[in-house]
Amino acid sequence: MIIYNVTLNIDKSVHQEWLEWIKEHIPQVLATGKFKEAKLTKVLVEDDEAETYSVQYRAHSREALDSYYAEHAENLKQDGLKRFGDKVLSFRTELEVVDEYSVAFK
């Protein structure tokens with residue numbers, strides 16, 4: 001399993017607008033059919049000028065992620081760039097799930 005992680009630093013002047021936009025953007029990314037789920041998380045850091053978030057998309061496979069890059073990534077990325085410009089800084093990482101654990105409490 002491959003996780004495509006996008007970490008974003010959002011200037012507080014556009015934070016609320018960005019938060020509304022990202023909640024529409026994530027379903028558009030999922031609609032490509034290349035991912036099975038996504039999580040939007042807030043990074044808990046103190047910063048007076050910006051908010052930081054991480055979006056983690058679980059790809060169906062390495063091939064699905066490569067197909068996303070080739071067919072969809074640039075257009076979807078440009079939408080955010082046009083709207084927010086340098087008010088949102090981002091970087092992307094790929095994570096490979098090695099093993100998963102869970103516990104059930106009774």
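## Lining of the largest pocket

Helix α2 (62-84) contributes the most to the lining of the largest pocket, with 7 residues, where helices (H or I, at least four residues) and strands (E, at least two) are DSSP runs numbered from the N terminus. This is a predicted model, in which local features need pLDDT of at least 70 and side-chain atom pairs count only at pLDDT 80 or more, while totals for chains, interfaces and linings use all residues. Residues are numbered from 1 along each chain as its sequence is written, and side-chain values use heavy atoms, with hydrogens and water left out.

The lining comprises 22 residues, of which Val-6, Leu-8, Lys-77, Ser-90 and Arg-92 lie nearest the pocket centre; by class, 16 are nonpolar, 4 polar and 2 charged. A pocket here is an open set of points on a 1 Å grid over the protein atoms alone, where a 1.4 Å probe fits, with protein on both sides within 12 Å along at least five of seven lines, and lining residues have an atom within 4 Å of a point.

## Nonpolar core

The largest nonpolar core has 23 residues, and Trp-18, Phe-35, Tyr-57 and Tyr-68 make the most contacts inside it; such a core is a set of buried Ala, Val, Leu, Ile, Met, Phe, Trp, Tyr and Cys residues joined through side-chain atoms within 4.5 Å. Helix α1 supplies the largest share of this core, 6 residues.

## Ser-54 in strand β3

Ser-54, which lies in strand β3 (residues 50-59), counts as buried because its relative accessibility is 8%, the term meaning under 20% relative accessible area (1.4 Å probe, protein chains only).

Technical notes: Buried means under 20% relative accessible area, exposed over 50%, partly exposed in between (1.4 Å probe, protein chains only). Ala, Val, Leu, Ile, Met, Phe, Trp, Tyr, Cys and Pro count as nonpolar, Asp, Glu, Lys and Arg as charged, and the others, Gly among them, as polar.
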